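Subject: Structure handover

Hello,

Here is the structure I promised to pass on. Please open it first, then read the notes below.

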Amino acid sequence: MGTVNAKGEEERARQVMEALAQARTQNPELADFYEFHQKVFRLQHEAKVQIAATLEMLDQEVLRARVRQGLPQLSFAQLPLEAKGFSRLATEIAQALGQYDPELAAGTDGLEEIDWLSLAGRRFEQGMVNEGEEDPEEAEMGLVEVAVDLALQPYLEWAAEQVMPHVDQESWKRGCCPVCGGAPDFAALVEETGARHLVCSRCRSQWLYKRLQCPFCNNTDHTKLLYYPSEDEVYRLYICQDCKRYLKAIDLRQATHRVVLAVEPLLTAAMDLAAQEQGYKARDF
Ligand SMILES: [Zn+2]
Ligand SMILES: [Zn+2]
């Protein structure tokens with residue numbers, strides 16, 4: 001235990017790249033968008049397969065106790081970030097971002113001077129959902145923040161793949177990620193039971209959650225929780241009229257295409273626009 005399953009990661013990367021290439025062919029008007037994500041994914045994958053560290057896992061009993069108390073498993077200090085490699089990755093992603101979005105390009109001055117590691121630590125803490133607390137001030141999301149979040153992702157995924165198998169799904173069922181404490185940005189209704197799994201926006205863990213509850217404010221009033229199915233019923237847009245947030249989902253019982261869950265949030269970008277036009281927000285950060 002402790003290192004990446006290299007074969008599994010190669011296979012996963014192949015599927016993601018294939019799905020992104022297909023999306024790019026099918027949506028020529030979004031070619032730039034998908035090209036940018038292909039570039040970012042390739043950089044993330046290269047970083048992930050180069051991780052040679054071993055994750056210090058929590059003792060099984062401590063892990064179970066944390067799950068029961070609603071505490072995530074991972075701390076920033078456990079991530080095998082090394083200043084030079086991480087700064088290079090974040091800088092390359094920031095440059096790709098600047099090329100993709102000219103509005104952000106102004107932010108690419110002085111990237112070399114940024115203390116990427118400290119920034120990553122701050123973003124890791126900021127992105128943790130504190131249940132029961134007031135919503136934090138919305139963090140400013142400029143080029144540097146987006147880049148550092150994307151650069152952190154392969155390290156979070158690496159840790160999550162090792163921690164998640166030890167988390168008892170039935171004892172968690174919370175609105176935030178059991179591994180890194182992040183918020184979900186996608187959901188999947190699974191094939192066998194139709195149960196709803198949330199997908200972490202940061203480490204891509206999937207965890208079991210209730211069908212009729214808002215993961216952002218815990219609202220269970222079904223008159224204020226609605227969902228809009230897509231015409232083919234493959235996708236759903238869940239909205240909460242209490243906290244005005246939305247969540248995109250795929251119904252795996254209805255999907256006929258080969259689903260690569262890591263790519264689905266990108267394939268459904270039009271749903272984000274539709275929800276935001278109606279005044280709904282994705283999440284806090
Ligand atoms: Zn997570
Ligand atoms: Zn809500």
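A pocket, as used here, is an open set of grid points where a 1.4 Å probe fits, with protein on both sides within 12 Å along at least five of seven lines. Its volume is the space filled by probe spheres set on those points. Please keep in mind that this is a predicted model.

Start with the largest pocket. It holds about 1,600 Å³ of space. Its lining counts 49 residues, and the closest to the centre are His37, Leu150, Asp185, Leu266 and Arg283. By class, the lining has 28 nonpolar, 14 charged and seven polar residues.

The second largest pocket has about 490 Å³ of space. Its lining is made up of 20 residues. Nearest its centre lie Ala19, Gln22, Ala23, Gln26 and Leu267. Here the classes are 12 nonpolar, five polar and three charged. Which helix gives the most to this lining? That is α1, with six residues. Helix α1 spans residues 6–26. Helices α8 (264–267) and α9 (269–277) also supply at least two residues each.

**First zinc site**

Next, look at the zinc ion (ligand 1). Its protein donors are the SG atoms of Cys177, Cys180, Cys200 and Cys203. They lie 2.3 to 2.4 Å from the ion. The angles among the four donor atoms run from 99 to 120°, and the site is tetrahedral. Along the sequence, the donor residues are spaced C-x2-C-x19-C-x2-C. Cys180 sits in the loop between α7 (143–163) and β1 (184–189), while Cys200 is in strand β2, so this pair ties together parts that are 20 residues apart in sequence.

Are these two cysteines buried or exposed? Cys180 has 0% relative accessibility and counts as buried. Cys200 also has 0% and counts as buried. The cut-off for buried is under 20% relative accessible area.

**The hairpin**

Strand β2 covers residues 196–200, and strand β3 covers residues 206–209. The two pair in the antiparallel sense over four bridges. One bridge joins Arg196 to Tyr209 in β3. Together β2 and β3 form a hairpin, with five residues between them. Look in the turn for Arg204, which has a positive phi of about 65°.

Now move to the zinc ion (ligand 2). Cys214, Cys217, Cys240 and Cys243 are its protein donors, each through SG. They lie 2.3 to 2.4 Å from the ion. This site is tetrahedral, with angles of 106 to 112° among its four donor atoms. The donor spacing along the chain is C-x2-C-x22-C-x2-C. Cys214 and Cys243 link distant parts of the chain, 29 residues apart. Cys214 is in the loop between β3 and β4 (225–229). Cys243 is in the loop between β5 (235–240) and β6. Cys214 is buried, with a relative accessible area of 3%. Cys243 counts as buried at 17%.

**One loop residue**

Last, find Val259. This residue is in the loop between β6 (246–251) and α8. Val259 is partly exposed, with a relative accessible area of 28%.

Best wishes

Technical notes. Residues numbered from 1 in each chain as written. Chains lettered and ligands numbered in written order. Predicted model: local features only at pLDDT ≥ 70, side-chain atom pairs only at ≥ 80, totals over all residues. Heavy atoms only, no water. 1 Å grid on protein atoms, 1.4 Å probe; cavity = no way out; pocket = protein on both sides within 12 Å on 5 of 7 lines; lining within 4 Å. Nonpolar A, V, L, I, M, F, W, Y, C, P; charged D, E, K, R; others polar. Pairing = 2+ DSSP bridges. Donors = N, O, S within 2.8 Å, 3.2 Å for Na, K, Ca; no water. Tetrahedral: all angles 85-135°; square planar, octahedral: opposite > 155°, others 65-115°. Buried < 20%, exposed > 50% of the residue type's maximum accessible area, 1.4 Å probe, protein only.
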